[in-house]
Amino acid sequence: MNKYKILAISILCDAIGYVSFAIPGIGEFTDIIWAPLSGWIMTRLYKGKPGKIAGVISFIEEILPGLDVIPTFTLMWIYTYVFSKSEA
């Protein structure tokens, strides 16, 4: 998959995480559904050990209250395609 398509999907996933943060009361309930889904999506977008680690981090970030503002997917894209030596 093209790295810019992965970036677009990553930004969309981060935006979904922000929506759950922005709706008081309801957001915490939606995190129960979104947290495992975001972890799974992360492992599909970014393969190998880094993707698995990022999936766990994404799950934790989404399930814990107040951390939804961290753009985990976009940060993983930056790590993978800007800072990492190998292009996944």
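Predicted model: local features only at pLDDT ≥ 70, side-chain atom pairs only at ≥ 80, totals over all residues.
**Entry 1: overall fold.** I began with the secondary structure and found four helices and zero strands in the chain, so that, read from the N terminus on, the elements run α-α-α-α. I then looked up the radius of gyration, which is 13 Å and close to the 12 Å that the globule rule gives for 88 residues, so I noted the chain as being as compact as a globular protein of that length. Along its principal axes, the C-alpha trace spans about 40 × 20 × 20 Å.

**Entry 2: contacts, burial and surface.** Taking the contacts between residues at least 6 apart in sequence, I noted that 62% of them join residues at least 24 apart. Buried residues make up 34% of the 88 residues in the chain. For the accessible surface I wrote down about 5,500 Å², with 76% of that area belonging to carbon and sulfur atoms. Turning to the charges, I found 7 positive and 7 negative side chains, and the centres of these two sets lie 18 Å apart.

**Entry 3: Gly39.** I next went to Gly39, which has its place in helix H2. Is this glycine, Gly39, buried or exposed? Its relative accessibility is 8%, and because buried means under 20%, Gly39 counts as buried. Leaving aside neighbours within four places in sequence, I found Gly39 in contact with Gly55, Ser58 and Phe59. I also looked up Gly39 and Gly51, which are 12 residues apart in sequence and 9.2 Å apart in space, C-alpha to C-alpha.

**Entry 4: Ser58.** From Gly39 I followed the contact to Ser58, which has its place in helix H3, residues 48-63. Ser58 is buried, with a relative accessible area of 0%. What does Ser58 touch, not counting residues up to four places away in sequence? I wrote down Ser38, Gly39, Met42, Thr72 and Phe73.

Technical notes
Residues numbered from 1 in each chain as written. Heavy atoms only, no water. Helix = DSSP H or I, 4+ residues; strand = E, 2+ residues; numbered from the N terminus. Rg over C-alpha atoms; globule rule 2.2 N^0.38 Å. Buried < 20%, exposed > 50% of the residue type's maximum accessible area, 1.4 Å probe, protein only. Contact = heavy atoms within 4.5 Å. Areas by Shrake-Rupley, 256 points an atom, 1.4 Å probe, with all protein chains shown as cover. Lys, Arg positive; Asp, Glu negative; His and termini not counted. Charge placed at Lys NZ, Arg CZ, Asp CG, Glu CD.
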